[in-house]
Amino acid sequence: MGCRCRAARGSVGGENKGEVQPRQGVCVGAGPRAASSGGAWTAQPTSLCPQPPAEAPMARPRVRLVVTADDFGYCPRRDEGIVEAFLAGAVTSVSLLVNGAAAESAAELARRHQIPTGLHANLSEGRPVGPARHGTSSLLSPEGFFLGKMGFREAVAAGDVDLHQVQEELEAQLSRFGELLGRDPTHVDGHQHVHVLPGVCQVFAEALQAYGVRFTRLPLERGVDSCAWLEAQARSFACAVERDARAAVGPFSRHGLRWTDAFVGLSTCGRHMSAHRVSGALARALEGIPTGHALTAELMAHPGYPSVPPTGGCGEGPDAFSCSWERLHELRVLTTPTLRARLAQDGVQLCALLDLDSKRRGEVVPGEATLEAFLESSPP
């Protein structure tokens, strides 16, 4: 594939507002966003200059990587950075918070730029969109907000969460997504990984099957327990997420859900993201995989420009992570040439999630290729 030099893009947020100006003269291949007649997304390999002659056959990729930007709709500055990364070919998918302060404008951006968009199901931050907003609920604090990242987990563990109320809220968010985008989500995952929690994962799987959603996220990252750069609290949370994800495999499988063979993002979040660590996480995922087998993987990312209070959030204003420099750090890592060159060197091809619907010869259904080997090699 030949390459081209992309000039600076125009406005993302409208005339004279939220303009995105990617670097001049960045050489890229055809982006991963060309829509087919059926609404599915056909990925083209993102190429780096210099390119081989056009007649040279392209090597089969070792990894087909979906790069998903979470928290779309959280605030306009976050969304500006996410769209910038998408237009630069560094992000191939987004997950929308329908209770986010900027959900409506984010949906407009997704439609304008034809961004593959899924639902970021939220049961832990801000205000609900379903029946719970009209009265008391096991999902909410006395102030009417979700219980928080750890508070919701503690309530689930204590048996204090009414799973029927979880179902109502999830269905309301799926309906709200349809109102905003005018179509079904490409995938559904969970804000702060709530979708793999015990009990919740069963409700989640049933709802996705009923709504015809096929793809989700299974946050199992091989070797995350040995990532010494993670603070003890972050490593403990990552390991807890993985334990929940292993238990969610059964309900997800029984309801026909699919996911990528590998997942990366627990060890590369915020300040911890670098080209070296993303490459290393993918290398760990490839351990034991026969040469010639094309692995599918998802990189969870949180790019964007820092939120400026009080704008943003899901009803309570933006959180500390959203206001920090770490979101901008992820944006810079994703869009600078270092990561793109490293991925190309490692045989990684970026694609959109729905591209994985079309199996290539010798490939298996996403979610089945390496799961058994992963579970066997992961600590209980």
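Mentor: Buried means under 20% relative accessible area. Keep in mind that this model is predicted.

Trainee: Is Cys227 buried or exposed?

Mentor: Cys227 counts as buried because its relative accessibility is 2%.

Trainee: How many disulfides does the structure hold?

Mentor: Look for a pair of cysteine sulfur atoms within 2.5 Å. The structure holds zero disulfides. Cys227 is in none, and its nearest cysteine sulfur, that of Cys239, is 9.1 Å away. Cys239 is likewise in no disulfide; its nearest cysteine sulfur is that of Cys227.

Trainee: Which residues have the most contacts inside the largest nonpolar core?

Mentor: Such a core joins buried residues through side-chain atoms within 4.5 Å. Here the largest one has 66 residues. Leu65, Phe72, Phe252, Leu282 and Leu334 have the most contacts inside it. Helix H7, residues 275-286, supplies the largest share, six residues.

Trainee: What is Leu282 in contact with, leaving aside neighbours within four places in sequence?

Mentor: Its partners are Val63, Leu65, Val264, Ala297, Leu343 and Val348. There is also a second, separate core of 14 residues. Leu123, Ala132, Phe146 and Val200 are among its members.

Trainee: Where is Ser137 found?

Mentor: Ser137 lies in the loop between strand S7 (117-121) and helix H3 (149-157). Ser137 counts as buried, because its relative accessibility is 14%.

Trainee: What does the side chain of Ser137 make a polar contact with?

Mentor: Check pairs of N or O atoms within 3.5 Å. The Ser137 side chain pairs with the side chain of Gln165 at 3.2 Å. The Ser137 side chain also reaches the backbone nitrogen of Leu139 at 3.1 Å. Not counting residues up to four places away in sequence, Ser137 touches Ala132 and Gln165.

Terms used
Residues are numbered from 1 along each chain as its sequence is written. This is a predicted model: local features need pLDDT of at least 70, side-chain atom pairs count only at pLDDT 80 or more; totals for chains, interfaces and linings use all residues. Side-chain values use heavy atoms; hydrogens and water are left out. Buried means under 20% relative accessible area, exposed over 50%, partly exposed in between (1.4 Å probe, protein chains only). Helices (H or I, at least four residues) and strands (E, at least two) are DSSP runs, numbered from the N terminus. Contact means heavy atoms within 4.5 Å. A polar contact is a pair of N or O atoms within 3.5 Å; within protein, one must be able to donate a hydrogen and the other to accept it, and residues adjacent in sequence count only if both atoms are side-chain atoms.
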